[in-house]
Amino acid sequence: MSTRRRPAGKDTRSRRSPAFGSALLALALAAACVFVSSSPAAASGCKGSSCTGQSPVTMKCDTDARLLEELDDTNMSLKFYYSGTCDASWAYVTVNPNSDLWPQAANIFYVPQLGGSEASYSAGYVNQDDVAKASPMVGGNAMAKGCATDVGPGDDPAPETWKQDGTSGMCTQWH
């Protein structure tokens with residue numbers, strides 16, 4: 001019977017230096033850090049009542065917006081949005097650039113959470129230069145409605161609680 005011998009100086013077992021193990025560990029930790037740090041940052045810059053009066057775009061509340069109501073006219077569209085992340089609502093008015101409805105104010109009306117008189121915020125007039133505007137937001141548990149009117153910022157064309165068609169514009173339902 002013949003015995004095989006390994007050539008001198010050659011070992012078939014894998015020998016890794018401690019530096020190789022350390023490099024492997026560092027690589028695994030770096031990969032884990034990439035996955036941990038890639039989690040999404042806070043989606044918004046405000047929450048609830050701190051959103052009141054703020055822009056939905058600037059505060060990034062429009063990223064998860066849900067359309068609650070839409071009123072379409074031949075020349076104009078009024079939309080009412082809500083963001084769950086921000087806990088805030090706003091109105092969005094778009095006017096057909098070929099219409100004669102210029103200008104239209106984009107307003108949001110609300111009743112403060114603890115009661116009181118109806119209050120409002122306005123994005124000002126939507127005109128031929130911008131065609132669409134979002135009103136500032138109303139946050140928290142305040143009841144709110146969006147309105148579009150040619151009378152001006154702060155004018156409620158349908159002051160009665162559930163009336164949608166006003167004499168000088170239109171409003172969504174209260175939400």
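Student: Quick one to start: are Cys61 and Cys86 buried or exposed?

Tutor: Both Cys61 and Cys86 are buried. Buried is under 20% relative accessible area, exposed is over 50%, and partly exposed is in between (1.4 Å probe, protein chains only). Bear in mind that this is a predicted model, where local features need pLDDT of at least 70, side-chain atom pairs count only at pLDDT 80 or more, and totals for chains, interfaces and linings use all residues. Residues are numbered from 1 along each chain as its sequence is written, and side-chain values use heavy atoms, with hydrogens and water left out.

Student: Got it. What joins Cys61 to Cys86?

Tutor: A disulfide, with S to S at 2.0 Å; the cut-off for calling one is a pair of cysteine sulfur atoms within 2.5 Å. The torsion about the S-S bond is about -95°, so this disulfide is left-handed. It links distant parts of the chain: Cys61 is in the loop between helix H1 (18-37) and strand S1 (66-72), while Cys86 is in the loop between S2 and S3, 25 residues apart. Helices (H or I, at least four residues) and strands (E, at least two) are DSSP runs, numbered from the N terminus.

Student: How many disulfides does the structure hold?

Tutor: Three. Counting bonded cysteines along the chain, the pattern is 1-2, 3-4, 5-6. One of them is Cys46 with Cys51, sulfur atoms 2.1 Å apart; with 105° about the S-S bond, that link is right-handed. Cys46 and Cys51 are buried.

Student: And which residue does Cys147 pair with?

Tutor: Cys171, again by a disulfide, S to S 2.0 Å. The torsion there is about 110°, so the link of Cys147 and Cys171 is right-handed. Cys147 sits in strand S8 and Cys171 in strand S9, 24 residues apart. Cys147 is buried, as is Cys171.

Student: Switching to charges. How many salt bridges does a search of the whole structure find?

Tutor: Three, where a salt bridge needs a side-chain nitrogen of Lys or Arg within 4 Å of a carboxyl oxygen of Asp or Glu. Asp156 and Lys145 meet at 3.1 Å, N to O. Asp156 lies in the loop between strand S8 (143-149) and strand S9 (169-171) and Lys145 in strand S8, so the pair ties together parts that are 11 residues apart in sequence.

Student: Are Asp156 and Lys145 buried or exposed?

Tutor: Asp156 is buried, and Lys145 is too. Elsewhere, Lys133 bridges to Asp130, with the closest N and O atoms 3.5 Å apart. Lys133 is partly exposed at 23% relative accessible area, and Asp130 is partly exposed at 29%. Glu70 and Lys79 also meet in a salt bridge, at 3.9 Å, N to O, and Glu70 is partly exposed at 37%.

Student: What about hydrophobics: how many residues make up the largest nonpolar core?

Tutor: 11 in all, including Leu71, Met76, Val93, Trp102 and Met170. A nonpolar core here means buried Ala, Val, Leu, Ile, Met, Phe, Trp, Tyr and Cys residues joined through side-chain atoms within 4.5 Å. Strands S2 (76-83) and S3 (88-95) are the elements giving two or more residues to this core, and S3 gives the most, with three.

Student: Which residues is Trp102 in contact with?

Tutor: Leaving aside neighbours within four places in sequence, Trp102 is in contact (heavy atoms within 4.5 Å) with Val95, Asn96, Pro97, Val126, Asn127, Gln128 and Val131. There's also a second, separate core of nine residues, with Cys51, Tyr81, Ala88 and Trp90 among them.
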